[in-house]
Amino acid sequence: MSKHPTIAEHLEASGVSRRSFVQLCGVLLATAPVGLSLTKDKSVSQIAQAIGKTKRPSVIWLHFQDCTGCTETLLRTSAPDVAHLILDVISLDYHETLMAASGAQAEAALQSAITANAGQYVLVVEGSIPTRDNGVYMELASKPALQVVTEVASKAAAVIAMGSCASWGGVGSADPNPTGAVGVDSIVTGKPIVNLPGCPPNPYNLLALVLEYVTMGKLPELDEFRRPKFAYERVIHENCPRRAHFDAGRFATSFGDEGHRKGWCLYKLGCKGPVTHAACSTRHFNEIPGVWPIGCGIPCAGCTEKGVLWRMGTFETVPIHLATPPDTYPPIYTAAGGVKVGAAALVGAIAGAVGGATWVASQRFESSREAGVERITTDRAYAEKLKSTSEPQVGKSSDEREN
Amino acid sequence: MAITRRALISNVAKVGVPAALAVTVGTDALHAETESVPIPSIAVGLLYDASICIGCKACVAACAEANDTAPDIRGDGLHQAPSDLNDVTRNIIKLYKPDDGSPSSFVKRQCMQCLDPACAAGCPFQALHKDPETGIVTWTENKCIGCRYCTITCPYHIPRFQWQGYNPRVTKCELCSQRLEKGLQPGCTSVCPTGAVIFGPRTVLLAEAKQRIKNNPGRYYQERVYGEYDNGGTQALYLSRVPFAKLGLPELGPESVPARTLRWQRRLYQYFALPAVLYVGLVQVIRKSLAGHEQEAHQREKETGLRAQL
């Protein structure tokens, strides 16, 4: 067997049945029905043919600040064949959890994998990378993680950040972020990087991504956070099996209440589905229908979103972007707002004040008119007085004159 | 009494101006009474068949998207659930559900695009304008003074005023004119899954509606198309199983609202008779009160020896 046989050759040699392989390709088609050039072929056998002709891609898998949950998810696929298939389809040349070697042997394996496939291997990173204090918080073979990732990525063809930690820091980057944990794309530059956030992400997303890259020679279309659109274009809310309950306004309001037991919408329990871009609602975990948080009655935590998981409260509700109509209807005529007592009193008070002011003003006007007439009369008396004072007073008392 | 220059001019004005106005306005009024509502050359519209509508409200969501308006979530903060047309809702699906269990019906409400739009007739600045070709009634932002006459004159209560905001808008369905220009259908008709609402030239839609009535005898209320003649004819046409009035479509008769008011309004001004009478009456009142006032002032001057100040 040559060092890099095609996938079909390797599968045949390792005794994997064609049936299992075609099944895997069928799952792949269901995982990414659109968004990949690989799955543009309509039939499963065409996809199997395309993949079979491809040489097994060399994959180097590095662990940093992680819980190994992403690897465990890959290994815990319920059909035992699937994990084997995935590991047979790709040539996993270095993986700390899966390899038998340790210590100097493991380090030698890493170096040989790098030199053997320099510029051709795919680097998968699991876990966040500590940057504070020159990255002293994590070391690998006596080298800081920061240095390891830079070195290995420099000779990689592409870098895949597996899981939320590698994508944007994950749990390690939660406040107060003591290690200064960041994702791969904050450190590695000049290489194509794809983020597969999720805690954990669905292993099929990784498989589809790797196969797309090695079969078609290019990465799938990515969104602004470098997530492949085939898996992260839509929010969970759009395809949620509980969506009908949301539209009908039927919400579970506490765990174990009637609504929760009846499988109603979990929005009011803090479900982050309306803002979380992931394919969980259509591609469940471990090949078991319903195995994903919302399927189990647990609100979506928003693990694929940097600003949601570890940033928002568990029971905090998220805003609804692009709200859609509910399944209730307004009546033909909506009741017009009635008059409230306060409003009526206010309007009455204003009307009363205006009316009262008008009346008072009219009274004043009337009295000032009378005063005006009086003044004119007084003026006349004054004029006469002036006239009379200029003349000599003959036998006339002032009293008489005033009358 | 000698004829002064002043009296002559004033008398000519008193008689001549109303007479001149009476001649012009009066003849216009006579003409106007016989005019019929013109149908725009390529009048486009909607045909909504309430008996096919399943109430999915895809049109409501598509309308908001097509017009780039934020969904109205003022109800519960979660759903686009306006209770009626409003400042961000141009299209709505409502439900008529009688308590007695008789047949219920959905109804789609949006602008009727009247052939003789009352909103445009009521608008003092032609901010609402009916396109002479397509017949689409559109609102122009920079002509609107915010008087809200359109919201009052419309017999269907379609134009809605934005009560919040410093530069409020009037919102009504404009048949997605911006999409029509690109050769697209209006948002609502482009997504309707059952074809309950379709878009097209009014003549085609009318023929289609009549065909449906013919093919399904007894299915439709009164076997007629609402909007063919109602309110002078509209470009949005309706078919329904239940009475139109139950769906909020009032029975307005074949005469349009503006024509009806205009008939009376023009009668008031015919030959300028009523304003002339009013004018003469007012002149008399003013003359009388002026005479009284002058007399009073004269009297006062005589009494006091001082000139009245007023």
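Tutor: Strand S7 of chain A is largely enclosed by the rest of the structure, because five of its five residues are buried. The model is a predicted one. Buried here means that 20 or more other C-beta atoms lie within 10 Å of the residue's own. In a regular strand the side chains alternate between the two faces of the sheet. In S7(A), Ala158(A), Ile160(A) and Met162(A) point one way, while Val159(A) and Ala161(A) point the other way. Both sets are buried.

The sheet around this strand comes next. S7(A) belongs to an open sheet of five strands in chain A, in the order S2-S1-S3-S7-S9 and with parallel pairing. The edges are strand S2 (91-95) and strand S9 (193-196) of chain A, and each of them pairs on one side only. From one strand to the next, the twist averages 20 degrees.

Strands of a sheet pair through backbone hydrogen bonds, either parallel or antiparallel. On one side, S7(A), residues 158-162, runs parallel to strand S3 (residues 122-126) of chain A, and five bridges join the two. In this pairing Val124(A) stands opposite Ile160(A) of S7(A). Helix H6 (residues 103-116) of chain A packs on the sheet and touches strand S1 (58-63) and S2 of chain A. The direction of H6(A) makes about 140 degrees with that of S2(A). The other pairing of S7(A) is with S9(A), again parallel, through four bridges. There, Met162(A) has Leu196(A) of S9(A) as its bridge partner.

In helix H7 (residues 145-154) of chain A, the buried residues are Ala145(A), Leu146(A), Val148(A), Val149(A), Val152(A) and Ala153(A). They cover an arc of only 165 degrees around the axis, which puts them on the same side of H7(A). In helix H3 (residues 44-53) of chain A, Ile47(A), Ala48(A), Ile51(A) and Gly52(A) are buried. Down the axis of H3(A) these residues fall within an arc of 130 degrees, so they line one face of the helix. Their cover includes helices H1 (7-13), H2 (18-31) and H9 (203-216) of chain A.

Chain A also touches chain B. The contact takes 16 residues from chain A and 24 residues from chain B. On the chain B side, helix H2 (58-66) and strand S2 (92-96) each supply at least two residues. The largest share of that side, five residues, comes from S2(B). By class, the chain B side has 13 nonpolar, seven polar and four charged residues.

Chain B has 310 residues, of which 35% count as buried. It contains nine helices and nine strands. Among its contacts between residues at least 6 apart in sequence, 62% join residues at least 24 apart.

One sheet of chain B may be set beside the one described above. It is an open sheet of three strands in the order S8-S1-S9, with mixed pairing. Strand S8 (197-201) and strand S9 (236-239) of chain B are its edge strands, each pairing on one side only. Direction ignored, neighbouring strands of this sheet are turned by 20 degrees against each other on average. Strand S1 (residues 44-49) of chain B pairs with S9(B) in the parallel sense over four bridges. Asp49(B) stands opposite Leu239(B) in S9(B).

Finally, the domains of chain B. The domain assignment gives domain 1 as 18-37 + 256-294 and domain 2 as 44-251. The C-alpha centres of these two domains of chain B lie 37 Å apart. Five residues of domain 1 are in contact with ten residues of domain 2. On the domain 1 side of that contact, four residues are nonpolar, one is polar and none is charged.

Notes. Residues numbered from 1 in each chain as written. Chains lettered and ligands numbered in written order. Predicted model: local features only at pLDDT ≥ 70, side-chain atom pairs only at ≥ 80, totals over all residues. Buried ≥ 20, exposed ≤ 12 C-beta atoms within 10 Å, placed from the backbone. Arc of directions from axis to C-beta. Contact = placed C-beta atoms within 7 Å. Domains from an automatic or database assignment. Nonpolar A, V, L, I, M, F, W, Y, C, P; charged D, E, K, R; others polar. Pairing = 2+ DSSP bridges. Axes fitted to C-alpha atoms, helices over the stretch in contact; angles between N-to-C directions.
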